[in-house]
Amino acid sequence: MADDEDIILSDLDDGELVLQMHDDLYDGLKEEIEESVNILLERDWAPYRVLTEALVGGMKIVGDDFRDGILFVPEVLLAANAMKGGMAILKPLLAETGAPRMGKMVIGTVKGDIHDIGKNLVSMMMEGAGFDIVDLGINNAVDKYIDALKAEDADILGMSALLTTTMPYMKVVIDTMIQMGIRDDYIVLVGGAPLNEEFGKAIGADAYCRDAAVAVETAKDLIARKHNHMAAA
Amino acid sequence: MTAENRIDLPGDSRLTHEGLSASGEGPVLVLACGALAREILAVIRANGLSHIDLQCLPAILHNHPEKIVPAVETAVAKMRGQYQKIFLAYGDCGTGGLLEAAAGRLGIEMMPGPHCYAFFEGTEEFLDRAGDEFTAFYLTDFLVRQFDAFVWKPLGLDRYPDLRETYFGNYEKLVYQAQTDDPALTKAAEDCARRLGLTFERRFTGYGDLAAEIRRL
């Protein structure tokens, strides 16, 4: 996005540096992002502020341009990789500094499905939004999801599938949760290229999430509603 | 007039980006993915199915499943007055059931199965095997010939080779489903496997369920 060949990051003031980080995220420049994160931390920015204003703010632009067909998957992956570099620095500091926590999500691709790019993007953006993520990886059978939900005392279950042949397995998981009487204990979000809102409703998920940004907003909204409901009860 | 003469098969690149126009002759239209044009035409020719006409939508829609249903609906609306019957030579192709629902609304039949990978191999056998073979990446004859257009470039591997692990790290092997016996194509498929860092398996399928479905029209 920007011609940054001659830019010395440490010479920029805070506002300029944050804008430069948005550009660097957009261009997938991991080393520059890591350097900028360290500069802001040295300037006594709270880790949570670095995360939200510089990284999440930058990824929002990436996400919006992806949604609008301006950016494509390879560029989004490079941006995500750059954000991951920044997150790796911030993650241990966020816990130490008491950054706000939104809830805990168990996430994984369903049995028979190895396609984890979308799942990884959702995990990263959810983490950026303050959720704790328990990533089960790929090819998860129903027991693995349910064991993790219980063991981790999670709030949200996230299931992902890329294949028409594997997406019905999400219903197997939800039906098992119903049989066990634990369905309403969790928010269930589903996503993946062949899914749609109708499918999400038909299998009994709380929401279908079109992309990582929608997943974050939906999770925040449903967690807030859950808290309100609990407070009212 | 024979099917060979009526239907003029364009090159793979045109099938990828533009598709194939119908000749306008015959009572039955097969509306297909451009990736199947050569195979369907081979079945038409081998069986003398002169009553069948063929129209193909751009094969690259394979990479944009959300565009398949609108493209099919538009094509059927335009062509249906000219034919007694239209058959849709598409699998679900990543539409999550939306294509089947559209076919139902339009009152036309379509290929059963999730993808052409399934019906070339035989959908039943393919699905039986799916539980044990979910780390396989499939290529057909057409996709081997158009590997760069369908895989390498859209995934950005020409520009960002480091992304290979991100895309293919969970895959183990490339299965080349060969519709024809062509040593040059087998060699090209092997090269695709090497580029993706996957082991290679060649599996001769012929035209599988596709031939049977076209013959019964």
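Trainee: Which residue does B:Leu31 stand opposite in β3(B)?
Mentor: B:Leu31 stands opposite B:Leu88 in β3(B), where strands are DSSP runs of E with at least two residues, helices are runs of H or I with at least four residues, and both are numbered from the N terminus. This is a predicted model, in which local features need pLDDT of at least 70, side-chain atom pairs count only at pLDDT 80 or more, and totals for chains, interfaces and linings use all residues. Residues are numbered from 1 along each chain as its sequence is written, while chains are lettered from A and ligands numbered from 1 in the order in which they are written.

Trainee: How many bridges join β1 to β3 in chain B?
Mentor: There are 5 bridges between β1 (residues 28-33) and β3 (residues 85-89) of chain B, and these strands run parallel; two strands pair if DSSP finds at least two bridges between them.

Trainee: And what order do the strands of that sheet come in?
Mentor: The order is β2-β1-β3-β4 in chain B, an open sheet of 4 strands with parallel pairing. At its edges are β2 (52-57) and β4 (109-110) of chain B, each of which pairs on one side only.

Trainee: OK, what about the sheet with β5, which strands form it?
Mentor: That open sheet of chain B has 3 strands in the order β5-β6-β7, again with parallel pairing. Because β5 (136-140) and β7 (199-204) of chain B each have a single partner strand, one side of each is left without a neighbour in the sheet.

Trainee: Which residue is the bridge partner of B:Thr140?
Mentor: In β6(B), the partner is B:Gln177, and β5(B) is joined to β6 (residues 173-178) of chain B by 5 bridges.

Trainee: Switching to chain A, at what angle do α1 and α2 pack?
Mentor: Helix α1 (residues 14-26) and helix α2 (residues 30-42) of chain A pack at about 160°, with their axes 9 Å apart; axes are lines fitted to C-alpha atoms, for helices over the stretch in contact, and angles run from 0 to 180 degrees between N-to-C directions. α1(A) and α2(A) are therefore roughly antiparallel to each other, a term used for angles over 145 degrees.

Trainee: Which residues of α1(A) make the contact?
Mentor: They are A:Leu17, A:Gln20, A:Met21, A:Asp24 and A:Leu25, and they meet A:Glu32, A:Ile33, A:Ser36, A:Ile39 and A:Leu40 of α2(A), with contact meaning that C-beta atoms, placed from the backbone, lie within 7 Å.

Trainee: How many residues of chain B are in contact with chain A?
Mentor: In chain B, 20 residues are in contact with 18 residues of chain A.

Definitions and conventions:
Angles under 35 degrees count as roughly parallel, over 145 as roughly antiparallel, 65 to 115 as roughly perpendicular and the rest as oblique. Two residues are in contact if their C-beta atoms, placed from the backbone, lie within 7 Å.
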